[in-house]
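Dear colleague,

I am handing over the structure below, and my notes on it follow. Please read them with the coordinates open beside you.

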Amino acid sequence: MFSKNKIDSFIKQAPVLKEIMDLKPLIWLNPNIKSKAEMPSFPIKRKDMEAAAKLWERFAPFFVKAFPETAETKGILESPLKEIQNMKALLNQESTKIQGQFFLKCDNALPIAGSIKARGGFFEVLHYAEDLAINAGILKNGDDYSIFTSDKFKEFFSKYKIGVGSTGNLGLSIGIISAKLGFQVTVYVSSDAKKWKKDLLRSKGVQIIEFAGDFSEAILAGRQKTNADPMAYFVDDENSHELFLGYTVGALRLAKQLEEANIKVDTEHPLFVYSPCGVGGSPGGTAFGLKQIYGDNVHCFFVEPTHSPAVLTGLVTGEMSNISVQDIGVDNKTEADGLAVGRPSNFATTVSGHLISGIYTIEDNHLFTLLAQLMDTEKIFLEPSATAGLIGPQMLAKTDYAAKNKLKMENATHIVWATGGDLVPDEERNTFYNRGINNLAHSTL
Ligand SMILES: *Cc1c(COP(=O)(O)O)cnc(C)c1O
């Protein structure tokens with residue numbers, strides 16, 4: 001806990017904290033960003049990211065067999081990069097014109113999990129499963145990994161347990177992949193987890209333990225229970241290196257897509273990426289990967305709900321994961337699944353603190369409005385959290401960032417990272433959409 005005096009001293013040092021406490025939508029530019037030349041050394045390196053990409057390749061035959069929907073892409077799980085000109089035109093009517101090209105990275109359409117968690121969550125479980133199998137002597141270099149679908153492997157993994165704390169999407173990804181491999185899985189969910197997510201997990205044989213509190217409490221309980229069991233492994237969203245590494249691979253894949261589309265990223269052609277942020281793992285991993293590839297020519301921004309500015313609070317105060325939004329009187333109540341996080345990941349936030357250009361916040365209502373607008377203009381459905389990046393260029397235009405860094409905005413490429421959506425049931429989709437339409441009818445947004 002922090003005393004009133006301590007909070008006041010944070011505000012004195014960074015007045016933006018007062019606005020954060022007042023729940024104002026705002027954009028904060030990171031004063032501690034490091035250029036490529038002055039970047040400190042991190043516990044994760046480019047070679048780790050490349051090794052992570054290799055692990056995905058080894059598991060491709062497993063995916064083809066276990067999840068036939070991935071056969072078309074030969075077991076590689078990737079999402080399209082789509083230019084969204086109609087949405088751009090609509091946004092341009094409302095506010096400052098977006099300069100440059102405007103794209104959506106459609107992780108809402110990632111196979112199996114329908115969210116960005118298919119990158120980090122799947123990766124960590126696959127990494128663990130591979131380690132177990134190698135140590136047990138049932139897997140060796142060069143084996144065809146479709147062997148992971150065999151009864152022998154399933155029986156082997158059934159002795160082991162996996163636990164995870166989640167507001168929903170991480171639990172979905174860990175639950176689905178772990179159950180498929182044969183693990184016993186327990187998902188510790190916070191009170192805000194949606195019923196359909198719990199039902200879906202139960203239908204896959206996943207055990208659900210519900211908590212009255214928020215995400216941090218679910219994680220705490222899950223961590224204690226899981227770590228007390230020698231046969232159990234806890235996927236720790238607040239600390240995990242593996243989750244982070246899984247996300248970095250998305251950057252390598254995106255770079256390939258940009259190259260294939262002949263989109264340049266260099267000193268004359270800046271790249272901007274806007275990522276919805278919960279604990280900071282997925283946007284942090286993405287930013288880390290992109291910085292490895294593009295250095296100072298990529299500019300990464302995170303987005304958080306005004307009611308859950310966990311990473312922003314950690315960075316602005318310098319307290320990282322020692323401070324929660326509740327400590328500054330913010331309630332962590334948002335309908336943006338995956339972003340309803342009061343305390344950031346320690347590891348991810350420490351890394352991101354050097355890499356990111358800034359963070360902006362957005363109100364829940366605005367997420368729904370954007371959801372409806374994207375549906376109407378592009379026929380793409382995203383879950384509310386995933387729409388948060390759509391106002392990135394407009395928020396950026398409110399600052400002197402481009403001028404200060406002498407960026408050629410007319411040559412810019414903006415990428416909105418759409419982090420989830422495909423698994424949301426129709427009924428929920430309609431409710432979300434109608435809420436957005438209702439906002440549009442009643443507001444001047
Ligand atoms: C988890 C999630 C995020 C944020 O990822 P973190 O690693 O928690 O920062 C963003 N959008 C969606 C849809 C998510 O499920």
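Lys379 sits in the loop between α14 and α15, and in this predicted model its phi is near 55 degrees, a positive value in a residue other than glycine. Most residues other than glycine have a negative phi. Lys379 is exposed, since its relative accessible area is 64%, and that is over the 50% at which a residue is called exposed.

With a relative accessible area of 7%, however, Asn332 is buried, whereas Lys379 is exposed.

Helix α4 covers residues 85-94, and its buried residues are Met87, Lys88, Leu91 and Asn92. Viewed down the axis of α4, these buried residues fall within an arc of 140 degrees, so they line one face of the helix. The elements that cover them include the strand β3 (101-106) together with α14 (364-378) and α15 (392-397).

The side chain of Glu130 is joined to that of Arg58 by a polar contact of 2.7 Å. When neighbours within four places in sequence are left aside, the residues in contact with Glu130 are Leu55, Arg58, Phe59, Leu139, Tyr145 and Phe148.

I then turned to the ligand. There are 14 residues around it, and those that come nearest are Lys117, Asn169, Gly280, Ser282 and Thr419. For Asn169, an N or O atom of the side chain lies 2.6 Å from an oxygen atom of the ligand. For Ser282, the atom concerned is a polar backbone atom, 2.7 Å from an oxygen atom of the ligand, and for Gly281 a backbone N or O atom is 3.2 Å from an oxygen atom of the ligand. Taken alone, the ligand would expose 380 Å², and the protein buries 99% of that area.

Finally, some values for the chain as a whole. Its secondary structure comes to 17 helices and eleven strands. The radius of gyration is 21 Å, close to the 22 Å that the globule rule gives for 445 residues, so the chain is as compact as a globular protein of that length. The C-alpha trace spans about 60 × 55 × 50 Å along its principal axes. Of the 445 residues in the chain, 60% are buried, and among contacts with a separation of 6 or more, 75% are between residues 24 or more positions apart. The accessible surface of the chain amounts to about 17900 Å², and carbon and sulfur atoms account for 50% of it.

Terms used: Residues numbered from 1 in each chain as written. Predicted model: local features only at pLDDT ≥ 70, side-chain atom pairs only at ≥ 80, totals over all residues. Heavy atoms only, no water. Buried < 20%, exposed > 50% of the residue type's maximum accessible area, 1.4 Å probe, protein only. Helix = DSSP H or I, 4+ residues; strand = E, 2+ residues; numbered from the N terminus. Arc of directions from axis to C-beta. Contact = heavy atoms within 4.5 Å. Near = heavy atom within 4 Å. Polar contact = N/O pair within 3.5 Å; in protein donor to acceptor, adjacent residues only side chain to side chain. Areas by Shrake-Rupley, 256 points an atom, 1.4 Å probe, with all protein chains shown as cover. Rg over C-alpha atoms; globule rule 2.2 N^0.38 Å.
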